[in-house]
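Biologist: I'm new to this one. Could you walk me through how to read it?

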Amino acid sequence: MKYNTDVVVIGGGAAGMAAAYSARENGAKVILLERDEDTGGVLNQCIHNGFGLQYFKKDLTGPEFKEFAKERLKDIDILFGTYVLEIRKDKTIIFVDKRGIHEIQTKALVMATGARERHLNSLPVPGKRITGIFTAGLAQRFINLENLKPGSKAVILGSGDIGLIMARRLTLEGIKVEAVLEIMPYPGGLERNVQQCLKDFGIPLYLSHTVIAVEGDRRLQKVIAAEVDYKWDPIPGTEKEFEVDTLITSVGLIPQIKPADFLEADPGFIVSNTNQTSEDWIFAAGNCTVIFDLVDYVAKEGEKAGKYAALYAKGEYSKGKKVKVRKGENIGILHPSYIDPTQESTLYIRVSKVFDRASIKVEPLGVEVIENEARPPEMVVIKLKPFDENIDEIEVMADELISKLG
Amino acid sequence: MSSSQNLVKELTCVRCPLGCKVKIEYTDELEVIDVSGNKCPRGREYAIQEISDPHRILVTSIKVKNGKYPLASVKTSEAIPLRLFEEAMSIIEKLEVEAPVKMGDIIIENFLNTGVNLIVTRSIERL
Ligand code: SF4
């Protein structure tokens, strides 16, 4: 079948739902392509609360966030069970579903493809490829959606939010969590999750530790961990053995950029503050651009991408002017990479080390934000007003703020 | 002057994702002397509750018969005492409901006499 529309959104997670909604609100005809049978993406399996406080001004669980976002899509064409094969530069999208191969002619596109999990196989851990090793997302899917129990005793590698939340989830389901291991000297997830997922249940967190080997015949029997030095090399004599049948890995997410991998990416799509990618008519938002802390940020970005995609489709926004945003001292992650100075922008920043009190500056705009306890896992958000178009480049940097009064 | 030293606890407020570091100073008798570090009043409430009887929202899932999916996620509509979690889970484990269920449906009213309801957070259609 052949379709014709103003805006296509690929991916029905938090970013995609918000993009589809806002593109329609901005007067565009929208088609949303979702690979699954329901929208929501990973929200469906994130059954814990803490979502939506900024976006919906309510404390919601993942599925509730989904239902609220989905409510707003009532008159949008959502094509479920679709898999996008190709995105052509002539603005044709080719996808398959149960009925066959189809084609959409569009004016603009929003990529909202999210991220996938990095697997233990991508880490240098020796041992056979035995059963009992799962990514946190897969274990979450088993427990929360499919009613399957992955094991009875577990170690979790990685203390990002997903790892922390799974530690609590496993404990509640009667699976004993022996330890959470974190290679960095600080927890990878939000402080609140360290409190309510580990401390609440007395689960030990080993910082500067990693898995050095796994043992077992067909099923995992033992996980061997060790402390690491500053170069992440295991320190001899610090080995610890855990007799467990399950290892849950939560070692990071990788933005999903297929099938638009012809766009500039590093590793997610490189976008501007208007969510425009290196191809004028393609916009991108959410975890396929950079890994965000909060679904609220993802939804806000999606909403913005949808808006600019709709404006582009109507000929009211074209190729934005691009001012480069440069990472200065102590900045680990900086998003977006470019700013169209005629438009407002939101900067998402991760510092590269732990600060007691950080001063984060945006120069030459003379913007300064003071953050107590800036840590790499917690994104700092700075909003910028439109600025002088003659500025070629802006730089973001962080410094320890030493209080003179002590 | 009292002979006992005041107690100080550093907590991370979990009432919202900002996760403020809240410091609470109190006596043996749980009399609050000072609360600091919270960006809003909810952080103060949180810290006071935390030193006496920590409360959390319990999130989990229940079995669904004849539904499009085998499980529906549920939560307590408000935070309940953390000390009740084990008992709560042993009750929830045995529950099974018939599809369809809708977000907001009450599964157990006044759960464990807390005055809080156990409610569905994901609608599941009937198969
Ligand atoms: S004190 Fe207020 S702002 Fe800070 S984490 Fe608690 S609820 Fe959020």
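Modeller: Let's start with a term: contact means heavy atoms within 4.5 Å. Helices (H or I, at least four residues) and strands (E, at least two) are DSSP runs, numbered from the N terminus. This is a predicted model, where local features need pLDDT of at least 70 and side-chain atom pairs count only at pLDDT 80 or more, while totals for chains, interfaces and linings use all residues. Residues are numbered from 1 along each chain as its sequence is written, chains are lettered from A and ligands numbered from 1 in the order in which they are written, and side-chain values use heavy atoms, leaving out hydrogens and water.

Biologist: Which residues of α1(A) meet α6(A)?

Modeller: In α1(A), they are Ala14(A), Ala15(A), Ala18(A), Ala19(A), Ser22(A) and Ala23(A). Their partners in α6(A) include Gly302(A), Gly306(A) and Ala310(A). This contact divides into 9 nonpolar, 3 polar and 2 charged residues; Ala, Val, Leu, Ile, Met, Phe, Trp, Tyr, Cys and Pro count as nonpolar, Asp, Glu, Lys and Arg as charged, and the others, Gly among them, as polar.

Biologist: How many helices and strands does chain A have?

Modeller: Chain A comes to 6 helices and 29 strands.

Biologist: What share of chain A is buried?

Modeller: Buried means under 20% relative accessible area (1.4 Å probe, protein chains only). In chain A, 57% of the 406 residues count as buried.

Biologist: And how far apart in sequence are the contacts?

Modeller: Take the contacts in chain A between residues at least 6 apart in sequence: 62% of them join residues at least 24 apart.

Biologist: What box do the C-alpha atoms of chain A fill?

Modeller: Along the principal axes, roughly 65 × 65 × 35 Å.

Definitions and conventions: Buried means under 20% relative accessible area, exposed over 50%, partly exposed in between (1.4 Å probe, protein chains only).
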